[in-house]
Amino acid sequence: MDMKLEIAKSLSAACGVAAEEIAAAIEVPANTDMGDFAYPCFKLAKVLRKAPPLIAQEIGEKLEKPDFIADVKIVGAYINFFMDKHFYTKKVLETVLTEKENYGKSDMGAGKTIVIDYSSPNIAKPFHVGHLRSTVIGNALYQIHSQLGYKCVGVNHLGDWGTQFGKLIVAYKKWGSKEAVEEKGIQELMRIYVKFHDEAEKAPELDDEARLWFVKMQDGDDEALTLWKWFYDISIKEFERVYDMLGVKFDAYTGESFYNDKMAAVVDELKEKGLLEESEGAMIVNLEDKNMPPCLIIRKDGGTLYATRDITAALYRKKTYNFDKCIYLTALDQNLHFAQWFEVIHKMGYDWYKDLIHVPFGLVSLDSGKLSTRHGNVVLMEDLLHQAIAETKKIIEEKNPSLPDKEEVAKKVGIGAVIFNDLYNTRIKDVVFSWERMLNFDGETGPYVQYTHARACSILKKAPDFTAENIDFSKLDDEASLNVCKLLEAFPSKIVDAAAKLEPYVLTRHLVAISQAFNKFYHDNPILNSEAEVRQARLAVVVAVKTVLAAGLALLGIDAPEQM
Ligand code: ARG
């Protein structure tokens with residue numbers, strides 16, 4: 001039930017202004033003495049040409065209040081609404097208790113497809129913390145949209161094609177060995193790749209050699225492709241370990257190489273549409289009219305580029321999935337890249353260019369010193385997740401030494417903490433990794449929400465007799481209970497809001513708010529030892545909170561252990 005809208009409808013009937021317009025102006029007063037909702041009549045003054053207090057008075061006389069409102073008071077220009085608390089708590093809790101984990105699910109996106117391009121690490125390079133954000137935000141947006149009935153297609157646009165693979169082949173042939181690559185995987189590939197760059201500074205002809213190998217790859221040369229495939233398989237295996245730990249899946253692993261045989265047609269189309277220009281031997285699309293540097297399509301040596309593959313991929317995805325939206329999760333520094341090639345699609349005459357959305361995010365910085373890195377200056381995702389688990393285990397050892405499945409719980413909580421920390425602020429804000437902060441069981445953290453959920457579970461374990469029938473909701477007449485209900489009631493609208501803004505923080509923050517309200521409720525109200533009817537009503541609150549916290553965490557890609 002959207003209470004603001006219900007109130008707006010009754011106001012609308014009394015004054016003739018559209019309900020949606022009114023709903024947008026309805027406030028929730030900080031002080032509940034002023035009501036649970038308030039409508040300021042100032043905006044109506046222009047339309048109705050009367051003084052706001054007079055308007056409030058007149059509406060007040062005509063108003064037929066919705067059934068969940070017990071009282072309406074006019075104070076100056078404000079119309080204040082006081083809820084019928086029992087009716088309200090009953091309605092909210094009954095809804096959560098019957099809908100269970102589907103609470104908040106809707107079909108608003110039914111029939112719509114959204115392609116989500118996320119994670120997309122680069123083959124033969126380590127999966128570093130920068131890719132974590134793309135993975136975690138992309139996965140949350142995937143879950144959130146799925147909950148709203150959208151068909152989601154998760155695509156991993158792996159960086160598995162380009163001149164760098166020519167470099168890697170040269171490096172491998174000169175300084176690599178089969179044994180070392182097999183033993184050390186990406187680390188070894190990284191080592192020889194770095195060596196290539198050092199050596200190429202002294203001997204620039206190495207670069208020409210590398211370009212040649214990439215052209216060979218493009219042309220389907222056996223030796224080149226066999227080596228490339230080998231590097232690919234090694235990298236994917238390492239990435240999959242990280243995805244397993246994070247619980248992330250993709251519907252398609254169509255990386256850049258997938259478009260190798262599809263780019264020629266796109267280049268032809270650009271030519272036919274008169275968009276391709278020669279510039280210093282390369283082929284470009286001029287974007288001067290948009291005040292942007294040209295979009296490079298083909299290099300002087302015939303090599304295609306990152307943008308060429310993105311343009312081709314977008315056309316392929318439109319044809320294959322007929323998406324309503326295609327969103328791209330990358331760091332902010334790729335803004336120009338996306339703006340440029342989106343514009344190329346526009347110039348090609350495709351009006352769906354406006355459905356391509358770059359969803360940028362800020363950087364990750366490390367709370368220096370504490371994060372051990374075995375591998376020089378790049379912090380690997382896998383190391384980081386293992387460290388999160390180890391740190392969490394230390395805390396659990398201290399707080400709850402007799403906990404069964406400590407390892408399993410530490411994994412859920414440690415990884416949950418990393419994910420939650422990443423999703424706690426607007427995307428654009430940089431993320432700081434501080435173990436101390438993100439593992440604080442009392443902070444605004446994943447472990448805090450998980451701990452609150454586990455607390456609810458443990459209360460319920462001690463009340464196996466609880467049934468959700470014949471509950472007397474009038475027993476929940478305290479402020480703390482009502483606050484919990486208000487937040488539970490808002491949960492479905494937060495999912496919608498998170499999707500509309502493409503901002504998972506809307507949910508993380510709401511889960512913290514629910515947890516805080518629940519802990520206050522728990523602190524103020526004895527549950528298990530109170531009189532039978534009160535006990536039952538309070539247990540209903542506990543069940544509802546447990547349900548919503550677990551559902552919310554799941555939407556963020558975080559597990560909710562029952563004990564911790
Ligand atoms: N592989 C790229 C990188 O690591 C990200 C790819 C993002 N997706 C895309 N379609 N461009 O920076």
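Strand 2 and strand 3 (residues 78–83) are paired antiparallel over six bridges; strands are DSSP runs of E of at least two residues, helices runs of H or I of at least four, both numbered from the N terminus, and two strands pair if DSSP finds at least two bridges between them. The model is predicted, with local features needing pLDDT of at least 70 and side-chain atom pairs counting only at pLDDT 80 or more, while totals for chains, interfaces and linings use all residues. Numbering runs from 1 along each chain as its sequence is written.

Within this pairing, Asp-71 stands opposite Phe-82 in strand 3. The open sheet has three strands in the order 1-3-2, with antiparallel pairing. Strand 1 (37–40) and strand 2 (69–75) are at the edges with a single partner strand each, so one side of each has no neighbour in the sheet. The twist averages 20° from one strand to the next.

Among the helices, helix 7 (residues 163–175) packs on helix 9 (residues 186–202) at an angle of about 100°, with the axes 9 Å apart; axes are lines fitted to C-alpha atoms, for helices over the stretch in contact, and angles run from 0 to 180 degrees between N-to-C directions. That makes helix 7 roughly perpendicular to helix 9 (65 to 115 degrees). Residues in the contact include Leu-168 and Trp-175 of helix 7 and Ile-192 and Phe-196 of helix 9, contact being C-beta atoms, placed from the backbone, within 7 Å.

The ligand is surrounded by residues including Asp-117, His-157, Asp-310 and Tyr-328, where near means a C-beta atom, placed from the backbone, within 6 Å.

Key: Angles under 35 degrees count as roughly parallel, over 145 as roughly antiparallel, 65 to 115 as roughly perpendicular and the rest as oblique. Two residues are in contact if their C-beta atoms, placed from the backbone, lie within 7 Å.
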